[in-house]
Amino acid sequence: KEIISFSISDLRKKNPEAEGIVHNGCFIALPEHENNPQSSLFNYPCRINAFFIMICESGSADININLNEYRICENTILIHRPNNILQTIGSNKAKGCLIGFEESLLQQIDINIRGLGPTLLQMLDRPVVHVTPQESRKLQELIRAIADEMTNAREQPFFEEILRNYFALFLYKLCSIISKDIKEQPSVESSAKSR
């Protein structure tokens, strides 16, 4: 079967009943969104032309990324980069906060790419990272703050500027957490078949 490929803007076209918040190359799905793209689009191998980050708060799922199998569960972060091949191969009601964004969004925010470079490179080779409950909660709070701005503040002055700064804060916090945790942990890649 042909591997489907889509962007953030294609999400609603391919799954029109999906709940979630979309704005300017960014997509957010929260646990309370009962029908989100996690539940249907990713059941088949697909290539997403965007970054996706999921912070799992409950349940678990087995994910295949570029033919490598990973398990996400409570207090893990899944990091998907553009053009990876992604498929959910088994899920036990995994729920969490999901944020997706196109590469063009990175060009609109003021972040120190050179300073974040080493951490970003580590993230590319390590798509699943375990974090503490406090770290998980903090990242989920930031995603919810971005979602709240996207939902309730579009008509407010400086909306775009506030949104970009929230987004930069989220990326810096993510890199800070992952940089620390990558140094402390062995690789979390594991085959679900070995369980």
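The protein has 5 helices and 9 strands. This is a predicted model. Along the sequence, the elements follow the pattern β-α-β-β-β-β-β-β-β-α-α-β-α-α. The protein has 195 residues, and 50% of them count as buried. Its accessible surface comes to about 10000 Å². Carbon and sulfur atoms hold 49% of that surface. Among contacts with a separation of 6 or more, 76% link residues 24 or more positions apart.

Strand β3 covers residues 26-29. Its side chains point two ways. Cys-26 and Ile-28 point one way, while Phe-27 and Ala-29 point the other way. All four are buried.

Which strands pair with β3? One is β2, residues 21-23, joined to β3 by 3 bridges. These two strands run antiparallel. Within this pairing, Val-22 has Phe-27 as its bridge partner. The other pairing described here is with β8, residues 85-101. It is also antiparallel, and it runs over 4 bridges. There, Ala-29 stands opposite Leu-98 in β8.

## Two hairpins

β2 and β3 form a hairpin with 2 residues between the strands. Asn-24 lies in the loop between them. Its phi is positive, near 50 degrees. With a relative accessible area of 38%, Asn-24 is partly exposed.

A hairpin is also formed by β5 and β6, with 2 residues between the strands. β5 spans residues 51-65 and β6 spans residues 68-73. The two run antiparallel and are joined by 5 bridges. Ile-63 in this pairing stands opposite Tyr-70 in β6. Asn-66 takes a positive phi near 50 degrees in this hairpin.

Most residues other than glycine have a negative phi. Phe-158 has a positive phi of about 65 degrees, although it is not a glycine. Phe-158 is found in the loop between α4 (133-152) and α5 (159-184). Is Phe-158 buried or exposed? It is exposed, with a relative accessible area of 61%.

## Cysteines

How many disulfides does a search of the whole structure find? The search finds 0. Cys-26 is buried, at 4% relative accessible area. Cys-46 is buried too, at 0%.

## His-80 in strand β7

His-80 sits in strand β7, residues 76-80. Its relative accessibility is 1%, so it counts as buried. The side chain has polar neighbours on the backbone. A polar atom of the His-80 side chain lies 3.4 Å from the backbone oxygen of Ala-50. The side chain also reaches the backbone oxygen of Asn-84, at 3.3 Å.

Which residues does His-80 contact, leaving aside its neighbours within four places in sequence? They are Ile-48, Ala-50, Phe-51, Phe-52 and Leu-86.

## Tyr-166 in helix α5

Tyr-166 is placed in helix α5. At 28% relative accessibility, this residue counts as partly exposed. Its C-alpha atom is separated by 6.3 Å from that of Ile-146. Leaving aside neighbours within four places in sequence, Tyr-166 is in contact with Ala-145, Ile-146 and Glu-149. Helix α4 covers 133-152 and helix α5 covers 159-184, with the loop that holds Phe-158 between them.

## Accessibility at a glance

The table gathers the residues discussed above.

| Residue | Relative accessible area | Class |
|---|---|---|
| Cys-46 | 0% | buried |
| His-80 | 1% | buried |
| Cys-26 | 4% | buried |
| Tyr-166 | 28% | partly exposed |
| Asn-24 | 38% | partly exposed |
| Phe-158 | 61% | exposed |

The classes rest on two cut-offs: buried means under 20% and exposed means over 50%. Tyr-166, at 28%, therefore counts as partly exposed. Phe-158, at 61%, therefore counts as exposed.

Terms used. Residues are numbered from 1 along each chain as its sequence is written. This is a predicted model: local features need pLDDT of at least 70, side-chain atom pairs count only at pLDDT 80 or more; totals for chains, interfaces and linings use all residues. Side-chain values use heavy atoms; hydrogens and water are left out. A disulfide is a pair of cysteine sulfur atoms within 2.5 Å. Buried means under 20% relative accessible area, exposed over 50%, partly exposed in between (1.4 Å probe, protein chains only). Two strands pair if DSSP finds at least two bridges between them. Contact means heavy atoms within 4.5 Å. A polar contact is a pair of N or O atoms within 3.5 Å; within protein, one must be able to donate a hydrogen and the other to accept it, and residues adjacent in sequence count only if both atoms are side-chain atoms. Accessible areas come from the Shrake-Rupley method with a 1.4 Å probe; for residues, only the protein chains shown count as cover.
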